[in-house]
Amino acid sequence: LRDRLKDPSLLREHCYIEGAWVGTPVHPVNNPATGAALAKVPQMTAADAAHAVEAAQRAFPAWAKFTAKQRSNILRKWFELIIANRDDLALILTSEQGKPLAEALGEVDIGGAYVEFFAEEARRVYGETIPAQRPDARLLAIKQPIGVCGAITPWNFPSSMITRKVSPALAAGCTVVLKPANETPLSALALAVLAEKAGAPKGVFNIITGDAPPIGKVLCEHPAVRFVGFTGSTEVGKILYRQASVGVKKLGLELGGNAPFVVFDDADIDAAVEGAMVSKYRNMGQTCVCANRLYAQDGIYDQFVEKLSKKVAAMKVGDGTEQGVTQGPLINMDAIDKVERHIANAVKGGAKIVIGGKRHALGGTFFEPTVLANVAPDALVSQEETFGPMAPVFRFKDEADVIAMCNNSPFGLASYFYSRDLGRVWRVAEALESGMVGVNTGLITTEVAPFGGVKESGLGREGSHHGIEEYVEIKYVMMAGI
Ligand code: ADP
């Protein structure tokens, strides 16, 4: 990998604490497409995590005192360096994660867009003045950075999940200790190289790699940490929620979803098929906002399944760095097992495999993009997130039925539907129990909008001006005796 980078210094095998590259590289990072070893990273301990938190604590007072414009300028520079190095960052990303290079470039761009956006927002963290309740007093609410933040990120977006947390934190005046996913630490370390070049002072942004549970415990329980931002599974999110309760830390949680994708009879079917393709098969189905359950209405059911299957049949599976590949490998064997389990369960309940349905001839963790029809309403996939390239298409009769089915889930991250009836668009958008709704689109993520879930899908929002609010505390000041 190093030989293929324009700037080989972006490939790092050490952790980044207080401006120094530290630790002994021992934990291998492998390419999921080939199994080849890419690099090694350190296996840090709870004591190292505490050390990193204390480094962030030392850096905090000075960073919080930077003017908003000074912080903004550093973030702006970081954004420019990310874009200038996008080819290298994308190649590192695809090599460690597997997604096609075009998607990796897209991720680097949106990851950079978060940094650009929060460089701008840094200067707009306004407070309030409040009409007082007595004549001799003046009241105001000021906003101050919350303090040291922990961040724990997943492997499915190794680059953008980092900037989406770190850039609003830094913009607000907080300092950060990040633990990236063990499968994909190299993108995170490369971003730290660029943050350092952009002028982020030492200790402001720190990265540790290693065994997640002990490090996570320190990030949740160390007295200096005031906020923990996490993207990952609901199961781990609940562990962090419990741990953070001990010290009453503020949490941001972006957890699992089980997104419904509904196509009504009145929809533009070709547009719905396009939307389903991006929503379902992006990153091989491994995103928390991927369509997990597709519901097509009686009148257009057969047409939708047929058109979708045709598109799916045309996808090219392979190593993400190869030209024309649209589906890379899944992240590991567990991911394959889960897709197989969901397919077997649906087929047992009467579903028909229209296309795909099994491991790909390429072997490894490659899986055939799959479409299932006539899936029974109670199939396992209606309740669990597949996180793989499998589209189960359920049939429904009317609007009320499908809304009930969509909402019959403990999760509520994203939902999607296609309809051209304006009244229906409003009714359904309002009725769906999810933090985000895509109407006539399968792709909703943007740095300018609030990303997040309801129910067991999480707490808080990332992106938009709401995203920076997570990283500030409101302090109310009463001045009396005036
Ligand atoms: P996934 O199933 O997508 O891998 P996880 O929730 O297991 O999702 O992982 C998301 C992130 O959480 C990764 O960085 C992982 O290392 C980390 N993680 C896993 N278990 C724990 C834990 N007990 N405490 C803190 N972080 C954890």
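Student: What should I know before reading the labels?

Tutor: Residues are numbered from 1 along each chain as its sequence is written. The model is predicted, so local features need pLDDT of at least 70, side-chain atom pairs count only at pLDDT 80 or more, and totals for chains, interfaces and linings use all residues.

Student: What does UniProt annotate over residues 27–477?

Tutor: An unreviewed UniProt entry gives "domain: Aldehyde dehydrogenase" for that range. UniProt positions follow the numbering used here, feature names are shortened, and annotations may be inferred rather than shown by experiment. Over residues 27–477 the chain is 41% helix and 21% strand. The end C-alpha atoms of that range are 49 Å apart. Helices (H or I, at least four residues) and strands (E, at least two) are DSSP runs, numbered from the N terminus.

Student: Which residue does UniProt list as "active site"?

Tutor: The unreviewed entry lists E254. E254 sits in strand β11 (residues 250–254).

Student: Why is E254 called buried?

Tutor: A residue is buried if 20 or more other C-beta atoms lie within 10 Å of its own, exposed if 12 or fewer, and partly exposed in between; C-beta atoms are placed from the backbone. E254 has 28 other C-beta atoms within 10 Å, so E254 is buried.

Student: What is E254 in contact with?

Tutor: Two residues are in contact if their C-beta atoms, placed from the backbone, lie within 7 Å. Leaving aside neighbours within four places in sequence, the contacts of E254 are F230, T231, C288, G452, G453, G458 and E462.

Student: Why does S457 count as buried?

Tutor: S457 has 28 C-beta neighbours inside 10 Å, so S457 counts as buried. S457 lies in the loop between β20 and β21 (458–459). Not counting residues up to four places away in sequence, S457 touches L255, G256, G257, F411, G412, L413 and G435.

Student: Why is A33 called buried?

Tutor: A33 has 23 other C-beta atoms within 10 Å, so A33 is buried. Its place is the loop between β3 (25–30) and β4 (37–42). A33 and K99 are 66 residues apart in sequence, yet 9.3 Å apart in space, C-alpha to C-alpha. Beyond four places in sequence, A33 touches G98, D319, G320, G328 and P329.

Student: Why does N440 count as partly exposed?

Tutor: N440 has 15 C-beta neighbours inside 10 Å, so N440 counts as partly exposed. N440 is in the loop between β19 (436–439) and β20 (454–455). Phi of N440 is near 60°, a positive value in a residue other than glycine.

Student: What makes a positive phi worth noting?

Tutor: Most residues other than glycine have a negative phi. E18 is a further case: its phi is near 50°. E18 lies in the loop between β1 (15–17) and β2 (20–22). E18 has 17 other C-beta atoms within 10 Å, so E18 is partly exposed.

Student: How do you know what span to expect for helix α9?

Tutor: The expected span of a helix is 1.5 Å times one less than its number of residues. Helix α9 (residues 269–281) has 13 residues. Its first and last C-alpha are 18 Å apart, close to the 18 Å expected. N283 follows α9, with a positive phi near 55°.

Student: Which residues of α9 are buried, and what covers them?

Tutor: The buried ones are A272, V273, G275, A276, M277, S279, K280 and Y281. The cover includes β12 (259–263), β13 (291–297), α10 (301–313), β16 (390–396) and β18 (414–418).

Student: What makes a set of residues a nonpolar core?

Tutor: A nonpolar core is a set of buried Ala, Val, Leu, Ile, Met, Phe, Trp, Tyr and Cys residues joined through C-beta atoms within 7 Å. The largest has 85 residues, and L75 and V176 have the most contacts inside it. Helix α4 (residues 101–121) gives the largest share of this core, nine residues. A second, separate core of 62 residues includes A181, F261, F394 and Y418.

Student: Which residues come nearest the ligand?

Tutor: A residue is near a molecule or strand if its C-beta atom, placed from the backbone, lies within 6 Å of it. Of the 15 residues around the ligand, A212, G216, G232, S233 and V236 come nearest. Both α7 (212–221) and α8 (234–246) supply at least two residues of the shell.
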